[in-house]
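Please look at the model below. The report after it works from one chain to the other, and then to the place where they touch.

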Amino acid sequence: MSGNPIRKVALRNLAAHKVRLALTVLSVVLGTAFITGSFVFTDTLQRTFDDIFGDVAQGVDVRVSAEELGASGVPVSDIATVEGLDGVARTAPLISGSLVVLGSDGAAVQTGGAPVEGLAWLPPDRTLGDPQVFVDGGPPVADGQIALNTSGAERGDLHVGDRTQVLTMAQGMVPVTVSGIYDVDSDTGGYIGVLFTETQASALFTDGRHVQSIDVAGDGSMSPEALRDEIAAALPGTKVQTGAEVTEEVKSQVSEALSFLNYFLLAFGAIALLVGTFIIYNTFSMIVAQRMRELALLRAIGASRRQVGRSVTLEALVVGLIGSVLGIAAGIALAYGLRAALNAADLGLPSGPLQLSPRTVIVALIVGVVVTVVSAYAPARRAMHVPPVAAMREESTGGDASLRVRTLAGVVAGVAGAVLVAIGAQGTGGGAAATVGVGALALIVAVLFAAPALSRPVVRVLGAVFARPFGAVGKLARTNATRNPRRTAATAFALTLGLMLVSVIGVFGASAKTSVDALVDNGVESEFVLTGPPMLGLPSAVVDAARGVDGVAEVVSAHTVVAKVGDDEDFQFGTAITGRLQDAVALDIVEGTESTTGDELLVSQSVAAERGLHPGAVVPLTSRDGETVDTAVTGVYADNQLIGPWITSPELYEQFTPVGSRSAMVVLVGTEAGADADAVRAGLEDATKQFVIVQVMDRDEFKGQQAQQIDMLLAILYGLLALAVVIAILGIVNTLALSVVERRREIGMLRAVGMQRAQVRRTIYIESLLIAVFGAVVGLVLGLVFGWAFVRTLADQGLDHIAVPWGQVLGMLVGSGVVGVLAALWPGIRAARTPPLEAIVDV
Amino acid sequence: MASHTAPAARSQDLKKIYGTGDTAVHALDGVTVQFAASEFTAIMGPSGSGKSTLMHCLAGLDSATSGAVFIGDTDLTTLSDKQMTQLRRDRIGFVFQAFNLVPTLTALENITLPLDIAGREVDRQWLDTVVTRLGLGDRLDHRPGELSGGQQQRVACARALAGRPEIIFGDEPTGNLDSRSSGEVLSILRAAVDEFDQTVVIVTHDPRAASYADRVVFLSDGQVVDEMRGPTADAVLDRMKRFDTVTPVPAAE
């Protein structure tokens, strides 16, 4: 080390300014921590799911299932066909379906989003994999008996011998007795498995003519592949896979689902890093400015530009390395915390040991170090071009180059961006959204360029509002906030970015809520809405129960029908209605009638226009089982978000939907004229109490529930964005702390001529408040514009009402002010400690 | 000037010791000195004599190790930081060697800064008088960066005068100026005493600067060793030559 004076200077420098070092490192840590955290978290989930599904096809050589997911399954007769083939030793049918289990308290057992699965129990001599291991009691041997997995038993507080009920869509409430409790390897995350006898399972979950799939074990005479080909030839129209293929398919489905989560988390990592980059850049700019004289001295005594540049770069390299390593550690902690938080929230995710792959470490290290070095290089380059003599002069303020080029570039990008956003907002769909996206990006770049020039007038106006009451202190704060516009802009930009995203999401949320409200207000005529658990819906028995209540005029249930329309490639979701539609939903028939019985179809105006349909036309519908029915179009209705693209009859719904999957999405209840709403509600609640899962809501409550679901979705986004804001705050702390160091002599002079410590602190607080509010205002304006434009492009997706969450906007403005003051606490205290002699004594 | 009036500032057996034990440096070693009101005093001495430390203690910028310091009747050694700050703000004016002004404020804003900080009303008439006398009338809207060194020091003088303090301290106020600007600044300080009845104390190492004063106090090794009334530059220079030409190691300031 002693052989390299430049390196020595760089390292000594780091050691000499510990606070500065800590703040710089911190900004790197935050960026890399988020990247590491998202990788570790998703890797861990991936690994856990892999473990769970690794044995999904244990002992299975070949599996025969229906071609389409959600179809009825495989005909029972196929079992005999398979068993008659060469090389087949045994077969095991899989019968399963969704249900609700009631716990010992009579309420539905909550799984936090994990599935509840009913299965047929097969005796060990008929299972292909390892049989279930019972920890208590035994398997169900008679109808009316169930065995539960340990997690399900614990969650429901159910024990062997307990009587309870299960709710299935096909048969409603079924009384059962717990015969045993069994262990599942992956018994975490809320999953509940319920074993029935084979006869009861097939009665509950199938039409009696199908099983979900058939697992086949070979006798060893043929390879699984050969067996697969043989079976496939014997059973055309089914999907035949080897065990390995099944496992592979499940795993790839899981990883596809998780990759979305990974991209999502990485996007936040990128935002965190982008924000972090600004902090690192800002910090190094200031450090280099402060060290101008020292660097000039090095130059004056003969160090070359390259050597000085290398010194700064080396410093950045060390900071980047330390920061990245700490960031990786912090990221692991973050993933750990995230998992703990999700477990606490009971989201039904399984947990396993945290996975730290070499890829995670390498990516975080490279990104952290490269970003740091690049951020430090630009200011260092600038520093090197200052002539040594100029820099050594007493009051060198550093390069205050003209902002003109920068601002001009910003204005050009801004105009282009604004035009693109405006054009994009005129249309709907993916193309329009992409135009808005490109425009938004251009506007962000524009702000990045023009923010220094923008900061002066904006801060002056803000200062007139916030700093005026503080007199001389306020004026000092205001002038300090505008004295270095580049720095102010870079400091505020982190907050700008964070609040921009928050307000985009805010506009989405508010618009979604308003749109749903409008949909319910304009579309739903019924007084009451009955709903069940999401994904499961309501058993049809609920409709009959509601119909029997006094004061109820009409009960309408809506069902989702899955079918291909015409010669489409993809399945579509249509609606089937039982009961008189016009009593429940405001449907505007523009052509024909609204009658749908048997093989009849109503289509929305846009579908009619797209396919050239009019009453009298014939359209084939194809079910997931491959069954095709020619339907006659009887009417065309004005597009309706509540109903969807087409409506068909209840008969067709039943024909197209396997027994185990039939349920009502929602049940709408209209009251008789003059009926007492409270009495009807009490009656409905009473009548549906037996189904446990039924929620009786009036329209306002229904709207509230929808709003709540939207809020929950947004809460996760806000939580992640809070991190960007936290980084932004640390950026402000960083900048202010370094500014205070930079202005030591000035602050000392102010103290000497009589500024009280409290006044010094207040000056810093107000300066910080002005910077923070500047950043927030720019971010909010951008966010509201982007939110407005994006929501406009989604008008055809049901987001047809644009709402601005003004309360939230105001809250964020106030919040950013508070955040600004909080960020200034520590730098303010440091500044106030500056002794007055600092102004006189040359350091 | 009449020496029998109450002194504007004085010190009593003032000691200032930096460090402890063997490494202790006695920057001030029992200084007892008075500064009469309405008089221009220069403190001189070789490097390390303690002249700056004396001024810092007198002006409430630094605390004494022992002894007492009075501004008027107020004993500075009894004051809290807050009271001391208030005293500097309301009763003392400062002109430093450099870095006198806030770079982001205009000349006028810098001049009224101590008054603004105090929330005191600015005496417009007085301000006009000072600004006119100092020839700053057309420079008031300029920022320090747009002013020459001499102009900056004149703004600093105007700031010191604007609040009509009891005493103005200057710490090498001409140290960074060429001789023409030095002359201007010293004339202003001289005029402050003669025309505005101010009390001025400066620390300087420049005999010519000292010649503007009514009285020169000489310090050496932390003690008052001599004083001179009605000094001339030559007399001061002669006196200074009698100090050991081998300059001692500078004390920490």
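Buried residues make up 48% of the 843 residues in chain A. A residue counts as buried if 20 or more other C-beta atoms lie within 10 Å of its own, with C-beta atoms placed from the backbone. This is a predicted model: local features need pLDDT of at least 70, side-chain atom pairs count only at pLDDT 80 or more, and totals for chains, interfaces and linings use all residues. Residues are numbered from 1 along each chain as its sequence is written, while chains are lettered from A and ligands numbered from 1 in the order in which they are written.

The C-alpha trace of chain A spans about 95 × 70 × 50 Å along its principal axes. Chain A holds 24 helices and 24 strands. These are DSSP runs numbered from the N terminus: helices are H or I with at least four residues, strands are E with at least two. Among the contacts in chain A with a separation of 6 or more, 84% join residues 24 or more positions apart. Two residues are in contact if their C-beta atoms, placed from the backbone, lie within 7 Å.

Two helices of chain A, H23 and H24, pack together. Axes are lines fitted to C-alpha atoms over the stretch in contact, and angles run from 0 to 180 degrees between N-to-C directions. The angle is about 145°, and the axes are 7 Å apart. By class, the contact of H23(A) with H24(A) has 20 nonpolar, six polar and two charged residues. Ala, Val, Leu, Ile, Met, Phe, Trp, Tyr, Cys and Pro count as nonpolar, Asp, Glu, Lys and Arg as charged, and the others, Gly among them, as polar.

Now chain B. Its open sheet of four strands has the order E2-E1-E4-E5, with antiparallel pairing. Strands pair if DSSP finds at least two bridges between them. The edge strands are E2 and E5 of chain B, each pairing on one side only.

| Strand of chain B | Residues |
|---|---|
| E1(B) | 7-18 |
| E2(B) | 25-36 |
| E4(B) | 66-71 |
| E5(B) | 74-75 |

Five bridges join E1(B) to E4(B). Ala9(B) stands opposite Ile71(B) in E4(B). Helix H1 (residues 51-58) of chain B packs on the sheet and touches E1, E2 and E4 of chain B.

Where do the chains meet? The contact takes 23 residues from chain A and 26 residues from chain B. H14(A) gives the most to the side of chain A that touches chain B, with six residues.

Note on methods. Buried ≥ 20, exposed ≤ 12 C-beta atoms within 10 Å, placed from the backbone.
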